[in-house]
Amino acid sequence: MDKYTILLVDDEEEVIQAIMKKIDWNSLGFSVIGYACNGVKAFEMVEEFQPDVIMTDIKMPYMDGLELSNRVKAEFPAAKILFFTGFDEFEYAKEAVHLEAEEYILKPINSAELTNIFTQLKRKLDQEINEKRNVEILQKYYLESLPLIQADFYAALIEGRILKEEIPKYLSDYQLSFPGPFFSCLVIHTSSCQVPDHMNLLLLSTSVQKQANERLAGKWQAKCFSYLGNTILIAQLQNETQISDLTDDCDRFCKYARRMIGAVVTIGIGQSCQSILELSHSYQSAREAVSYRVIYGSSRAINMKEMAPQKISGSGSTNDAELSGLLKMVRFGSEEEVAEAADRYLSHASFSNKSLQQYHIDMMELVSALYRFSANHDILTDDFSGDIRMLYSKLLDMDPEALREWLIENCILFRKTMIRARNSSTKSFVSKAEEYVHNNYGDEQLSLDCICEVLGVSNSYFSTIFKKETGSSFISYLTDYRMDQAANLLIETDEKSYLIAKKVGYTDPNYFSYVFKRKFGVSPSKYRTEHTNSEN
């Protein structure tokens with residue numbers, strides 16, 4: 001274990017220096033990360049460094065040791081608190097048992113006593129860590145035994161053998177969750193007739209399952225297991241429309257398996273459902289889909305819900321999934337990925353093999369999809385700010401290569417416009433926060449929580465964005481702005497320091513003076529004297 005960290009807190013710096021010199025901290029297994037002269041500064045350091053031990057005086061300005069201990073225990077319950085104090089406060093401190101302090105030490109501090117205390121504290125910290133690690137080891141052994149039990153449960157689900165009232169207990173006992181809210185069962189079938197010479201079917205199926213678990217299960221939060229010679233995945237979807245993305249991923253996986261490990265894989269995509277109790281129906285439809293490999297071919301994903309309309313009408317567009325994939329790359333991919341997705345779409349559409357009528361229909365679908373996308377994302381370009389009929393006519397006059405160049409150029413332009421909009425949104429976000437500070441810095445309640453509530457964002461997201469854009473934390477920015485306003489008021493007005501403190505958001509004039517001196521190096525009164533005299 002690395003050395004445990006200590007923060008020393010006392011308003012008398014000579015006391016702190018004496019403690020640091022009296023004890024051989026290194027040999028005791030501790031490291032002093034710093035010290036603070038009051039509770040406010042100490043709590044700031046606790047938030048930043050999260051020390052293992054805080055050794056604090058009780059009577060201090062701005063925030064005493066008891067209040068500091070209360071706040072530390074509320075937000076950092078694992079931290080150990082030690083009080084050291086004068087005789088007149090000793091009994092009072094010992095009465096504060098609810099603070100769960102490790103020790104109460106009477107000043108003046110004896111080095112032998114302090115060494116003994118920290119030796120015992122080191123043993124306690126070591127013991128807590130060892131106990132935690134032992135629990136983690138037991139948890140690891142337990143988790144290693146779960147997969148087989150979980151697989152049995154999954155098999156029972158797709159067979160329809162689980163009762164509704166049994167579900168909560170199974171999920172709890174087997175540490176499972178199915179957030180869904182939609183589900184789809186996948187049947188991954190590996191051909192037994194087309195096995196590479198260097199591999200038997202069992203090894204090949206095992207390899208396919210391993211690859212499916214790595215390449216599909218994570219993205220779709222899928223439960224993966226073997227059943228009746230096939231690999232089964234129970235995929236979880238955010239909405240029913242994701243079934244197209246799932247089908248595309250499975251189709252890519254089939255081609256990957258053929259190319260990389262020589263396996264001829266067909267994946268049946270079951271109908272989506274909203275309850276794991278309905279997975280038996282999804283499994284049956286997935287099995288049916290796999291059986292259609294003799295008609296539609298192997299090494300592909302088959303979704304019967306998509307195939308059914310074609311079977312009935314004998315026509316219709318098959319480009320939706322590829323077009324959705326292209327627009328997804330516009331939102332999230334690189335320029336290279338956008339170009340690749342455009343090529344996939346055009347290749348999948350197979351325009352040259354269709355009738356003129358079907359080609360016109362495909363062009364109408366493409367133009368409509370791009371217009372909807374530009375409108376939904378407030379993208380204005382020359383091609384997408386005019387009459388849709390004129391753009392449609394323009395595309396009908398393009399040869400295949402010209403169409404490709406136009407599609408890639410506009411998709412990349414969409415992508416760049418969206419990136420600029422995101423960056424502009426982030427800067428506007430920070431500007432709103434700064435503007436709010438400028439208008440409300442005198443509000444003593446103004447805080448990180450307050451600004452996040454106003455903007456409607458989380459503390460962690462706001463803090464990350466604000467620091468990235470400004471180079472400082474929000475609290476530092478607020479404090480600096482308040483101090484700058486206070487400095488101006490000291491020079492430009494004759495108001496008392498305590499009134500100026502209140503105007504810039506500080507109800508405690510002593511704490512205001514402390515913060516002001518920390519920034520400018522002098523007290524408010526001296527700052528006023530120096531700058532007033534220099535002007536005269």
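**Helix contacts, rings and buried residues**

Tutor: Let us begin with a contact between two helices, in which L448, D449, I451, C452 and L455 of α18 meet N459, F462 and S463 of α19. By class, the residues of this contact divide into 5 nonpolar, 2 polar and 1 charged. This is a predicted model, in which local features need pLDDT of at least 70 and side-chain atom pairs count only at pLDDT 80 or more, while totals for chains, interfaces and linings use all residues. Residues are numbered from 1 along each chain as its sequence is written, and side-chain values use heavy atoms, with hydrogens and water left out.

Student: What makes this a contact, and what makes a residue nonpolar, polar or charged?

Tutor: Contact means that heavy atoms lie within 4.5 Å. Ala, Val, Leu, Ile, Met, Phe, Trp, Tyr, Cys and Pro count as nonpolar, Asp, Glu, Lys and Arg as charged, and the others, Gly among them, as polar.

Student: How do you know which stretches are helices or strands?

Tutor: They are DSSP runs numbered from the N terminus, where helices are H or I with at least four residues and strands are E with at least two. For this protein, the secondary structure comes to 23 helices and 10 strands.

Student: What makes α20 roughly perpendicular or roughly parallel to α22?

Tutor: Helix α20 (residues 474-492) and α22 pack at an angle of about 95°, with their axes 10 Å apart, and that makes α20 roughly perpendicular to α22. On the α20 side the contact is made by T479, D480, M483, D484, A486, A487 and L490, and on the α22 side by F512, V515, F516, K519 and F520. These residues comprise 8 nonpolar, 1 polar and 3 charged.

Student: How do you know whether I379 is buried or exposed?

Tutor: Buried means under 20% relative accessible area, exposed means over 50%, and partly exposed is in between (1.4 Å probe, protein chains only). The relative accessible area of I379 is 1%, so I379 is buried. This residue sits in the loop between α15 (356-376) and α16 (388-396). Leaving out residues up to four places away in sequence, I379 touches F373, S374, F414, T417 and M418.

Student: What makes F373 and F414 an aromatic pair, and is it stacked or edge-to-face?

Tutor: Rings of Phe, Tyr and Trp (its six-membered ring) pair if their centres lie within 6.5 Å, and planes under 30 degrees apart count as stacked, over 60 as edge-to-face and the rest as tilted. A search of the whole structure finds 27 aromatic pairs. One of them is F373 with F414, stacked at 5.8 Å centre to centre with 10° between the planes. This pair links distant parts of the chain, since F373 is in helix α15 and F414 in helix α17 (residues 400-440), 41 residues apart. Both F373 and F414 are buried.

Student: What makes the pair of Y511 and Y514 stacked?

Tutor: Their rings lie 5.9 Å apart, centre to centre, with 25° between the planes, and the pair is stacked. Both residues lie in helix α22 (residues 509-520), 3 residues apart, about one turn of the helix.

Student: How do you know that a charge sits over a ring?

Tutor: NZ of Lys or CZ of Arg must be within 6 Å of the ring centre and within 35 degrees of the ring normal. R215 lies over the face of Y256, at 3.7 Å from the ring centre, and the charged end of K519 sits over the ring of F520, 5.4 Å from its centre.

Student: Why does Q50 count as partly exposed?

Tutor: Its relative accessibility is 49%, so Q50 counts as partly exposed. Q50 lies in the loop between α3 (39-49) and β3 (53-56), and has a positive phi of about 45° although it is not a glycine. Most residues other than glycine have a negative phi.

How values were computed. Axes fitted to C-alpha atoms, helices over the stretch in contact; angles between N-to-C directions. Parallel < 35°, antiparallel > 145°, perpendicular 65-115°, else oblique.
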